[in-house]
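Let's take a friendly walk through this protein chain, one piece at a time. Keep the picture open as you read, and try to find each part as it comes up.

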Amino acid sequence: MPTHPPSIVRRRTLTAALGAATASLCPGTLWAVSPREWPTRPVRLLVGFPAGSSPDLTARALAEPLTRVLGQPVLVENRPGAGGNLAAGLLAKATDDHTLAILINGNMTIARLLNPALGFDPLTELAPVSLIGTAPLLLAAAVSTPGSESAPTFLKAARDAGDRWSYGSPGIGTVAHIGMEWLKGLSGIAPVHVPYPGNPQVVNAMIAGQIQLALLPPGLAAPQVRAGKLRAIGITSAGRSVLAPEWPPLSEAGVRGFHLEIWNAVAAPASMPEALRNRISAVLGEIVRTQDIRQRLFQQGWQVAGTSPQGLANRIRTDTAALGRVIAERQIKAE
C-alpha cells in the first residue's frame, strides 16, 4: 500500500474537515457554496499587537497551515494600537469576507464597557470563530516581599500592608488589572495599581523591588521564578494547569470564586456569513489539534482550545459578565 508524506495526509485531513463542515450546513444558509469557491483571494489575518508579541506568534503559527488548506495566502497584518482595539475596529468594519483577526479576550468582551466612546461594539460587530488558546495568570511577588513563601502567609501580609504595597499591570483596563481588582475584593488586600507599558516592564519593576506583586502570564513569569528572581504565589485557574503544574490555584489558599484566564481567538466581522464562519472554525479546530501546532502553541504559553463559534460565544458571555461586574464595582475606565 502506498504511503504519503505527512504534509499530504494532514492537508487531506483538514480539507475533509472543511468539506464535512460544509455538508453539515442546513439548506438555505447565507453561504451555500462549495469550499472551493472560497477564498477567492488572499485572506487577511489582522493582529492588534507588534511583531513578536504573543498574538502575533499565534497568528503566524496558524497562517501557514491555513494557507495550505485554503489554497490562498493567509497574510498576517500587524495593526498595533489601543491594546488590540485598533485591529478589532478594522475587523468590525471589514465587508470583504476575506478578513479575520487574532484578538485577545479584552477586545471581544469588555472593550466597550471600559470605553463607551469606542468606535465599535465588540458584542454586536465582531463574530466569534474559534477560541484558540487559554492560560491562567500567575500571582507573582518580588523576592523581598514579606510572606511570599506561601499563598496564605502572603495574602495575610498583603492585608496587613494595606495600601503600602503596590502591584503592576500592563495597563489600565487589561485583564491583569481587572483581575487584580477582582482579587482585592475577594481577598481583602489593597495594593495600589501602577500601570506599565507592558508585562516585561512589570517583571523588571518587581525584580528591582519597586512593586510587590502582579498577575503575569505563566510563560513569562515561570522562568523568573525558577531562576529565583520572583516568587510564585498561586495561579488563577479553577484547578492546576498543565501550563504551570507546580503551582496550586489560589482557591487552595481560600480565595473562592476566583477563576480568571487570558485567551486569544480568531474572530470575523459580524457581516461574514455564519456558514462561512462555521467552516473556518472547523478547519481551525483541526489545525490546532495537530501535534506540531499544539506543541508550538504550548511553547508560546497556551493550552489549546479550538472551539466552535458557539463555544467562543459562550466564553465571551461568561467573561463579559464576570469582568463587567468588577469594572462596575471598581469604576474602572480606560484612559
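This is a predicted model: local features need pLDDT of at least 70, side-chain atom pairs count only at pLDDT 80 or more; totals for chains, interfaces and linings use all residues.

Strand S3 (residues 99–104) is antiparallel to S10, and four bridges link the two. One place to look is Ile-102, whose bridge partner in S10 is Val-266. S10 (residues 261–269) also runs antiparallel to S4, this time with nine bridges between them. There, Leu-131 stands opposite Ala-265 of S10.

## Strand S4 and its cover

How much of strand S4 is buried? Of the eleven residues in S4 (residues 126–136), eleven are buried, so to speak a strand that is mostly covered. Look for Gly-133 here: its bridge partner in S11 is Val-304.

## The five-stranded sheet

Now turn to another open sheet, made of five strands in the order S7-S6-S8-S5-S9, again with mixed pairing. Which strands stand at its edges? They are strand S7 (192–195) and strand S9 (230–235); each has a single partner strand, so one side of each is left without a neighbour in the sheet. From one strand to the next, the twist averages 30°.

S8 pairs with strand S5 (residues 138–142) in the antiparallel sense over four bridges, and the partner of Leu-139 in S8 is Leu-215. With strand S6 (residues 166–169), S8 pairs in the parallel sense over two bridges. Here Gly-168 has Ala-214 of S8 as its bridge partner, while Tyr-167 has Leu-213.

## Helices on the five-stranded sheet

Helix H8 packs on this sheet, where it touches S5, S6, S7 and S8, and its direction makes about 150° with that of S6. You can check the length of H8 (residues 175–187) yourself: at 1.5 Å a residue, its 13 residues should span 18 Å, and its end C-alpha atoms are 18 Å apart, which agrees.

Why is H8 described as largely enclosed by the rest of the structure? Because eleven of its 13 residues are buried. Among them are Val-175, His-177, Glu-181, Trp-182 and Lys-184. After H8 comes Gly-188, which has a positive phi, near 85°.

Helix H10 (residues 218–226) lies across S5, S8 and S9, and runs at about 135° to S9.

## A closer look at Asn-85

Asn-85 lies in helix H3 (residues 85–93). Is Asn-85 buried or exposed? Its relative accessible area is 17%, and a residue under 20% counts as buried, so Asn-85 is buried. Leaving aside neighbours within four places in sequence, Asn-85 is in contact with Asn-107, Ala-111, Leu-118 and Phe-120.

## The whole chain

Finally, step back and view the chain as a whole. The chain has 13 helices and eleven strands. Of its 335 residues, 53% count as buried. The chain exposes about 14500 Å², and carbon and sulfur atoms supply 55% of that area.

Contacts can also be sorted by how far apart the residues are in sequence. Among the contacts with a separation of 6 or more, 74% are between residues 24 or more positions apart.

Conventions:
Residues are numbered from 1 along each chain as its sequence is written. Side-chain values use heavy atoms; hydrogens and water are left out. Buried means under 20% relative accessible area, exposed over 50%, partly exposed in between (1.4 Å probe, protein chains only). Two strands pair if DSSP finds at least two bridges between them. The expected span of a helix is 1.5 Å times one less than its number of residues. Contact means heavy atoms within 4.5 Å. Accessible areas come from the Shrake-Rupley method with a 1.4 Å probe; for residues, only the protein chains shown count as cover. Axes are lines fitted to C-alpha atoms, for helices over the stretch in contact, and angles run from 0 to 180 degrees between N-to-C directions.
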